[in-house]
Amino acid sequence: MLRPRDALAGRIARDEIDRSFGRTIALVDGLPDLATEELIGANLSVRVWGGATTPDSHTTFAASVLVGRQYGLVPRARLLVAAVTADDGSIAPCDVAAAIEWAVEAGAQVIVIPLGDHRSHADVSAAVDFAIARGVVIV
């Protein structure tokens, strides 16, 4: 039986999905598997730093949570993936900084960086400051 609260929750969820259209989010992580069913048809583009050639499950999951067609939080948003994690798992802070700057210049309103703490690196700190100064939310 559908209760009024359930109907309201459904309407709020649909409103949030509608508001995701026209939004741009960036994910600074590794290389997603674009053949994953949840990402097929998503508005997604990838730029690679650090020589990543092999998709990784962490980035695929993160991208699916963000813009996945069925379960994504903002399925109608455009996702810019900045692949900075090399196949061996290494991450160069200068690549993270360049990826943040690229995402800002490409119009990201939110940048998700699930890589751990690289803020102590001067280039990353400057890139984060650059993004915040332009009104971008860093997560």
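**Note on the predicted structure**

1. Ile-91 is partly exposed, with a relative accessible area of 23%; buried means under 20% relative accessible area, exposed over 50%, and partly exposed in between (1.4 Å probe, protein chains only). The residue is placed in the loop between β3 and α3. Its C-alpha atom lies 9.3 Å from that of Gly-30, although the two are 61 residues apart in sequence. Helices (H or I, at least four residues) and strands (E, at least two) are DSSP runs, numbered from the N terminus.

2. This is a predicted model, in which local features need pLDDT of at least 70 and side-chain atom pairs count only at pLDDT 80 or more, while totals for chains, interfaces and linings use all residues. Residues are numbered from 1 along each chain as its sequence is written, and side-chain values use heavy atoms, with hydrogens and water left out.

3. On confidence, pLDDT is the predictor's confidence in each residue, from 0 to 100. The chain averages a pLDDT of 86, and 83% of the residues score at least 70. Among the elements of the chain, β3 has the highest mean pLDDT (97) and helix α1 (residues 4-19) the lowest (48). Over residues 1-12 the pLDDT stays under 50, and the model has two contacts beyond four places in sequence for this stretch; contact means heavy atoms within 4.5 Å. Where pLDDT is low, the predicted coordinates should not be read in detail.

4. The sheet is open and consists of five strands in the order β2-β3-β1-β4-β5, with parallel pairing. Two strands pair if DSSP finds at least two bridges between them. β2 and β5 (137-138) each have a single partner strand and stand at the edges, so one side of each has no neighbour in the sheet. α3 packs on the sheet, touching β1, β2, β3 and β4 (110-112), and its direction makes about 160° with that of β3. Axes are lines fitted to C-alpha atoms, for helices over the stretch in contact, and angles run from 0 to 180 degrees between N-to-C directions. β1 and β3 pair in the parallel sense over six bridges, and the bridge partner of Leu-27 in β3 is Val-81.

5. The largest nonpolar core has 23 residues, of which Val-28, Val-84, Val-96, Ile-100 and Ile-111 touch the most other members. β1 (24-29), β3 (78-83), α3 (93-105) and α4 (122-133) each supply at least two of its residues, and the largest share, seven residues, comes from α3. Another core, of 13 residues, lies apart from it and includes Leu-27, Ala-63, Leu-66 and Val-81. A nonpolar core is a set of buried Ala, Val, Leu, Ile, Met, Phe, Trp, Tyr and Cys residues joined through side-chain atoms within 4.5 Å.

6. Leaving aside neighbours within four places in sequence, the contacts of Val-84 include Val-28, Trp-49, Ile-91 and Val-96.

7. The structure holds one aromatic pair. Trp-49 and Trp-102 form this edge-to-face pair, at 5.6 Å centre to centre and 65° between the planes. Rings of Phe, Tyr and Trp (its six-membered ring) pair if their centres lie within 6.5 Å; planes under 30 degrees apart count as stacked, over 60 as edge-to-face and the rest as tilted. The pair links distant parts of the chain, with Trp-49 in the loop between β2 (44-48) and α2 (57-67) and Trp-102 in helix α3, 53 residues apart. Trp-49 counts as buried at 12% relative accessibility, as does Trp-102 at 18%.
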